[in-house]
Amino acid sequence: MNKFFYGDKGLQAAQNGYFEGWYLKHQTPTETVALIPAYHRDKTGEKASLQVITEREAFCIPFSAQDMQAEKNKMFLRLKNNTFSGGGCRLCCSSPQGEIAGELRYTPFSPPKYSIMGPFACVPGMECSHNVYSYHHHVWGSLNINGRVIQFKNALGYMEGDRGTSFPQKYLWTQCSFANGCIMLAAGDIPIGLFSFTGSIGTVWAKGREYRLATYLGLTILRLTPQELWVRQGTVELRACLLHSREKPLLAPCLGAMSRTIHENAASVVRYQLWVKGNKKLDVVTNRASFEYGG
């Protein structure tokens with residue numbers, strides 16, 4: 001077992017501040033639960049944590065770094081007696097902020113055709129590198145969160161992760177799963193050496209087919225505000241607009257330390273629109289969308 005999912009590369013980066021986090025989202029028609037296990041290291045030492053966010057609550061359960069183990073080149077994490085894998089997760093842990101217990105099972109993942117970062121995945125020293133493990137899978141099981149039992153019967157799952165030193169200083173991210181698909185759209189400041197630019201990645205995954213938009217594919221950002229992200233790539237436009245949110249505070253990495261507070265709603269009201277050659281192909285308002293803005 002390796003401490004880092006990315007092996008020696010992560011270990012070397014950790015000397016000057018480093019984090020790795022995984023975002024596991026589980027969505028039913030009436031409930032959304034996101035689990036965020038993470039490893040983080042800064043000048044004061046190394047730690048691990050599990051953050052839990054629902055529409056009602058958000059809390060963090062701390063662990064020691066020795067409690068975390070991760071398989072190299074495989075989606076498997078262990079936080080003491082809690083496990084997270086491509087087949088599901090088992091949880092039984094608590095803190096003064098909250099407690100969670102239960103077991104979930106996943107159907108096979110639907111991963112991207114290639115790294116969501118494209119050629120930027122090969123750029124050394126990236127502040128934050130993003131990865132999507134599954135656009136779409138189904139979830140079965142139950143979780144007891146602070147005494148409230150949530151059932152997942154053929155629910156929708158999504159999984160992604162981040163690693164590096166810090167989250168972008170300014171960024172927007174949104175995601176929502178649907179019966180036969182998924183939408184994810186993000187934009188953020190990307191510093192490389194002495195320069196920086198605002199990059200964006202997005203995907204419309206439908207019925208097993210991936211439609212990708214990205215800066216490295218010629219994407220242009222038409223509008224970026226705390227409530228809206230609108231992008232164009234060739235004849236395709238994708239827009240996400242936040243209509244209503246009940247934000248919950250989350251901890252985010254800054255130079256390896258989980259010292260930054262951001263805000264996310266696991267189930268915001270968001271309108272997604274998709275145009276192809278000027279023709280509207282999608283226009284949907286959902287109250288199951290995750291939406292996060294940092295700036």
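Two residues are in contact when heavy atoms of theirs lie within 4.5 Å. The model is predicted, so to speak of local features a pLDDT of at least 70 is needed, side-chain atom pairs count only at pLDDT 80 or more, and totals for chains, interfaces and linings use all residues. Residues are numbered from 1 along each chain as its sequence is written, and side-chain values use heavy atoms, with hydrogens and water left out.

Now for the overall picture. The protein chain has 1 helix and 21 strands; here helices (H or I, at least four residues) and strands (E, at least two) are DSSP runs, numbered from the N terminus. With a radius of gyration of 18 Å against the 19 Å that the globule rule gives for 295 residues, the protein chain is as compact as a globular protein of that length. That radius is taken over C-alpha atoms, and the rule is 2.2 Å times the number of residues to the power 0.38. Along the principal axes, the C-alpha atoms fill a box of roughly 55 × 45 × 30 Å.

Next comes the surface. The accessible surface of the protein chain is about 13200 Å², and carbon and sulfur atoms own 52% of that; such areas come from the Shrake-Rupley method with a 1.4 Å probe, and for residues only the protein chains shown count as cover. Of the 295 residues, 56% count as buried, where buried means under 20% relative accessible area, exposed over 50%, and partly exposed in between (1.4 Å probe, protein chains only).

On to the cysteines. A disulfide is a covalent bond between the sulfur atoms of two cysteines, and the cut-off used here is a pair of cysteine sulfur atoms within 2.5 Å. The structure holds 0 disulfides. For Cys92, the closest cysteine sulfur is in Cys93, 7.1 Å away, which is too far for a bond. Cys92 counts as partly exposed because its relative accessibility is 48%, while Cys93 counts as buried at 10%.

Two residues stand out for their backbone angles. Most residues other than glycine have a negative phi. Lys80, though not a glycine, has a positive phi of about 60 degrees. Lys80 sits in the loop between β6 and β7 (82-85), and with a relative accessible area of 54% it is exposed. Asn154 also has a positive phi, near 55 degrees, in a residue other than glycine. Asn154 belongs to strand β11 (residues 148-164) and counts as partly exposed at 41% relative accessibility.

Met75 is in the loop between β5 (68-70) and β6 (76-79), and counts as buried, with 11% relative accessibility. Although Met75 and Tyr133 are 58 residues apart in sequence, their C-alpha atoms are 8.4 Å apart in space. His40, in strand β2 (residues 32-42), counts as buried too, at 8% relative accessibility. Leaving out residues up to four places away in sequence, His40 touches several residues, including Tyr18, Phe19, Gly256 and Met258. From His40 to Asn146, 106 residues along the chain, the C-alpha atoms are separated by 26 Å.
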